[in-house]
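Open your viewer and get ready to select a few residues with me. At each stop I'll say what to pick and what is there.

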Amino acid sequence: MNERTDDDIPEDDLQRAGAAIDRLLESARRRIWVHARCRLLMALPETRLREALSRVARRTRHPDLRLLVDDDLELKSGLPRLAATAMRLPTAISVRCLAPAQDTPASLLLIVDREAWLYLVQHKGRAGLRVESRDPAGNRRAAEDFEQNWAAGSESRELRKLSL
């Protein structure tokens, strides 16, 4: 019997979120910023985040690619392909850690270029999703929030270790 906990998100909400993330990532040209709890990233169906980060890093002269996660070890163990991409492209992809307060709902903020953004929040088995593909003002507000959290975070040591 499959027990459902209060932290589980219904599968259709995850599918909608994954599809929305992929749609926004397709349009990314220079900037992809992600602020997420690792367990929420792992709960999503396979997205094209890793491919989009690689594509933008390869095709753009000055990419602005940032991952802000709650636990870099959890990212490395739970999403090894995404972690490997970040480790393979250390000059293009910046990774920082920011542990949220315990009672904060799990959330994912995705900012793409200067117009698009997505916010997914999960709390007590319910999910809220907001996607805007043409909202420069909302993108700017989301980017300001991201920048504040980015400044408060610390550099990921786990994803920057070099194997000798």
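Select Ile93 first: leaving aside residues up to four places away in sequence, Ile93 touches Leu53, Leu65, Leu67, Thr85, Ala86 and Arg160. Keep in mind that this is a predicted model.

Now widen the selection to the largest nonpolar core, which has 39 residues. Ile93 is among those that touch the most other members, along with Ile32, Leu67, Leu108 and Leu110. Colour helix 1 (residues 11–26) next, as this helix gives the most to the core, with 6 residues. A second, separate core of 9 residues is there too, including Leu68, Ile111, Ala143 and Trp150.

Across the whole structure, a search finds 2 aromatic pairs. The rings of Trp33 and Phe146 are stacked, because their centres are 4.8 Å apart and their planes at 20°. Trp33 sits in strand 1 (residues 31–36) and Phe146 in helix 6 (residues 136–152), so this pair ties together parts 113 residues apart in sequence. The rings of Phe146 and Trp150 are stacked as well, with centres 5.7 Å apart and planes at 20°. These two are 4 residues apart in helix 6, about one helical turn. Check accessibility as you go: Trp33 is buried at 3%, Phe146 at 0% and Trp150 at 12%.

For the last stop, which residues line the largest cavity? Select Ile21, Val34, Leu41, Thr47, Leu49, Leu108 and Leu110. The lining comprises 6 nonpolar residues, 1 polar and no charged, around a volume of about 50 Å³.

Technical notes
Residues numbered from 1 in each chain as written. Predicted model: local features only at pLDDT ≥ 70, side-chain atom pairs only at ≥ 80, totals over all residues. Heavy atoms only, no water. 1 Å grid on protein atoms, 1.4 Å probe; cavity = no way out; pocket = protein on both sides within 12 Å on 5 of 7 lines; lining within 4 Å. Points joined across faces, edges and corners; volume = space filled by probe spheres on them. Nonpolar A, V, L, I, M, F, W, Y, C, P; charged D, E, K, R; others polar. Core = buried A, V, L, I, M, F, W, Y, C linked by side-chain atoms within 4.5 Å. Buried < 20%, exposed > 50% of the residue type's maximum accessible area, 1.4 Å probe, protein only. Contact = heavy atoms within 4.5 Å. Phe/Tyr/Trp six-rings, centres within 6.5 Å; stacked < 30°, edge-to-face > 60°.
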